[in-house]
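I set out to look up, element by element, how this chain is put together. My entries follow the structure shown here.

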Amino acid sequence: MIKDDCLAHLYLEHRLVIADVDEIALLEDYLQYWEKEFQSHEFEEYCTTMFLDQLPDGTYAKNEKYYLLCDILPKDFELRKRLQEQRLSAALERHQFELTDRSFSKECLFCRTVIKGLRADYLDHLFDKHFLLVGKPEKLVYVDELLDQLEENLNKLLCLYCEKIFKDRPTLKEHMRKKGHKRINPNRREYDKFFLINYNRNTSSSTSQRKQQQQRPKRKSVNEDNTSVDFDKHFARQDSDGEHDSDWSDWAGDGESHVIKCLYCAQEEVQFSTLKQHMIDAHRLDFDSTTSSLNFYQKIKVVNYVRRQLCLLRCVCCDLQFDDLELLAEHMDQESHCGIGERAKWDKPEFFFPYMENDGLLCVLDDNAGDDLDADVVRIISEDSMAQINKDAERLSLENFKL
């Protein structure tokens, strides 16, 4: 709650949005660093700006300026990387201590047996005697906190996997035994901090993976997706000097068609109707039906959210991370996760900004028939990218704005 209150304050009072805040290690140190920087520098020196026809509380106002702080800025990128390395170092130090410390003592979560010695002995007891699979000791960190959290959930009569609440402890134990739920929920981000592998994932490694995939021989398959997306390329600010000033080769004039890329694979079409039929046939997604309740303003955020997820090799619906694009495509196909995800995930101001350069899909989105089409529109500006939105589409109030 403290974190949410702080981020909400930055948005409401200072109109500042921090991108990918959940990926920032040591968030408090991150905020303290930028607090010092902004004492002597203006937001415009570090942040990307956008203009909306609304105040933070939702009141109409013309061309109000907002700021996005993200790791496209080299200084921000280096800060996030440095903080992640600090967090990794602390986790490794704690991990080494937990593997060798013999002063550990704790009563079993299920029986009255008190296990003393190594934490690995305690985890082995949970698995050998009660078939509770928490994780291998060599892959876990902050084990004490993890066990305390599991104990708290069990005391609340909460299933560790499906998180349903039961009337008494025997019913809960019988449910976990019959359903095979004697394990933690892998989709809960709260558990990420307890697994050592999550401390070594960073932006540079993700970018490196994407570049390696670019160098692989391309195969004609519907599973091929945003392999070509490169953050350096798509977010680089082009030099306005020299030959770039006279290079109009990529200018799309009025009446010229835009190539539209599929949300989930590398398929490209000129006609939006053809692409929508492709998404139905290949990905079992009816775009019109799925977004029927959304207006133009919201559809922009949905498209940019899905693009971002695939860039980061993450499932759109369950947010699982994959090391390979083909594995991600296979997972989304098998689990029918070619959707748009929960609203809480994409309904954020940072997704006003395009995640693909010259994204043709953003150019063909339209308002629903029931929307009030007004000639007076607002433009969201992200350096050299521009997207048109309906000014009355959505209120950016604290009530609707979820960080």
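Helices (H or I, at least four residues) and strands (E, at least two) are DSSP runs, numbered from the N terminus.

I noted that this is a predicted model, in which local features need pLDDT of at least 70 and side-chain atom pairs count only at pLDDT 80 or more, while totals for chains, interfaces and linings use all residues. Residues are numbered from 1 along each chain as its sequence is written, and side-chain values use heavy atoms, with hydrogens and water left out.

**Entry 1. Overall**

I looked up the totals and found 14 helices and nine strands. Of the 403 residues in the protein, 44% are buried. I take contact to mean heavy atoms within 4.5 Å. Among contacts with a separation of 6 or more, 59% are between residues 24 or more positions apart.

**Entry 2. Helix α9**

I asked which residues of α9 are buried. They are Phe272, Leu275, Lys276, His278, Met279 and His283. These residues cover an arc of only 155° around the axis, which puts them on the same side of α9; the arc is that of the directions from the helix axis to the C-beta atoms. An α-helix has 3.6 residues a turn, so residues three or four places apart point the same way. The face turned away from the buried side of α9 carries exposed Ser273 and Asp281.

I then looked up what covers the buried residues of α9, and the list includes β6 (260–261), β7 (268–269), α10 (287–290) and α14 (360–364). I also checked the length of α9 (residues 272–283): its twelve residues should span 16 Å at 1.5 Å a residue, and its end C-alpha atoms are 16 Å apart, which agrees. The expected span is 1.5 Å times one less than the number of residues in the helix. Just after α9, Arg284 has a positive phi of about 60°.

**Entry 3. Helix α3 and Arg80**

I turned to α3, where the buried residues are Asp76, Leu79, Arg80, Leu83, Gln84, Leu88, Ala91, His95 and Glu98. They pack against β1, α2 (27–40), β3, α4 and α5 (143–155). The 27 residues of α3 should span 39 Å at 1.5 Å a residue, and its end C-alpha atoms are 39 Å apart, which agrees.

Is Arg80 buried or exposed? Arg80 is buried, with a relative accessible area of 10%. Leaving aside its neighbours within four places in sequence, Arg80 is in contact with Ile18, Ala19, Asp20, Ile24, Tyr30, Leu69, Cys70 and Asp71.

**Entry 4. Strands**

I count two strands as paired if DSSP finds at least two bridges between them. An open sheet of three strands runs in the order β1-β3-β2, with mixed pairing. Its edge strands are β1 (16–18) and β2 (48–54), each pairing on one side only. Strands β2 and β3 (residues 60–69) are antiparallel and joined by six bridges; Leu52 has Glu64 in β3 as its bridge partner.

Strand β4 (residues 104–107) pairs with β5 in the antiparallel sense over four bridges, and a hairpin of six residues joins β4 to β5. Glu107 stands opposite Val114 in β5. The covered face of β5 (residues 114–117) holds Ile115 and Gly117, and the uncovered one Val114 and Lys116.

Definitions and conventions. Buried means under 20% relative accessible area, exposed over 50%, partly exposed in between (1.4 Å probe, protein chains only).
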